[in-house]
Amino acid sequence: MVLTIDLAVLLAVVVFLLWRRRVKPRTRLDTGMTMAVVLVFGVLIAPTAFGHWILGTVGEVAQGISDAGSP
C-alpha cells in the first residue's frame, strides 16, 4: 500500500493550523516562517512554470529525505 500526499494539501493543512492558533505575541521568526509557508503554498497552487519548478524541487528534496531514512 502506497500513501501519497499532495504537497499543496499538506501546506494548506499547515496554514490552517497556524491560522487557528491562539492569539499571543509572535516572534519575528514565527511571523517570517508563517509568511514563508503561505508564500510557498501560493506558488505551489499557482499554475505557472515557476510553480511547477518549485513543486519539483521541493518534491525532490522530500524524496531525498525520505530515501535517506530507508536502508
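Predicted model: local features only at pLDDT ≥ 70, side-chain atom pairs only at ≥ 80, totals over all residues.
Which residues make the nonpolar surface patch of about 560 Å²? Some notes on that and the rest of the model follow.

1. The patch. V9, V13, F16, L17 and W19 make it, and together they give a nonpolar surface patch of about 560 Å². One of these, V13, sits in helix 1. V13 is partly exposed, at a relative accessible area of 43%.

2. The average pLDDT over the chain is 75, and 83% of the residues score at least 70. Helix 3 (residues 49-68) has the highest confidence, with a mean of 81, while helix 1 (residues 7-19) has the lowest, with a mean of 76.

3. Overall layout. The chain has 3 helices and 0 strands. Reading from the N terminus, the order of elements is α-α-α.

4. Of the 71 residues in the chain, 14% are buried. The accessible surface comes to about 6,100 Å², and carbon and sulfur atoms account for 71% of that.

5. Helix 1, the length check. Helix 1 has 13 residues, so at 1.5 Å a residue it should span 18 Å.

6. Helix 1, the buried side. Which residues of helix 1 are buried? They are A8, L11 and L18. These residues lie on the same side of helix 1, because they cover an arc of only 80° around the axis.

7. V14 in helix 1. V14 is another helix 1 residue to look at. Its relative accessibility is 31%, so V14 counts as partly exposed. Along the chain, V14 and V38 are 24 residues apart, and their C-alpha atoms are separated by 9.1 Å.

8. Is V15 buried or partly exposed? Buried would need a relative accessible area under 20%, and V15 comes in at 23%, so V15 counts as partly exposed. V15 belongs to helix 1. From V15 to T34 the C-alpha distance is 7.7 Å, with the two residues 19 apart in sequence.

9. W53 in helix 3. Moving on to helix 3, this is where W53 lies. The cut-off for exposed is over 50%; W53 has 53% relative accessibility, so W53 counts as exposed. W53 and V43 are 10 residues apart along the chain, and 9.7 Å separates their C-alpha atoms.

10. One set is A8, L11 and L18, the buried residues of helix 1.

How values were computed. Residues numbered from 1 in each chain as written. Heavy atoms only, no water. pLDDT = per-residue confidence, 0-100. Helix = DSSP H or I, 4+ residues; strand = E, 2+ residues; numbered from the N terminus. Buried < 20%, exposed > 50% of the residue type's maximum accessible area, 1.4 Å probe, protein only. Areas by Shrake-Rupley, 256 points an atom, 1.4 Å probe, with all protein chains shown as cover. Patch = residues over 30% accessible without salt bridge, like charges linked within 9 Å, V, L, I, M, F, W, Y side chains within 5 Å. Salt bridge = Lys/Arg side-chain N within 4 Å of Asp/Glu carboxyl O. Expected span 1.5 Å × (residues − 1). Arc of directions from axis to C-beta.
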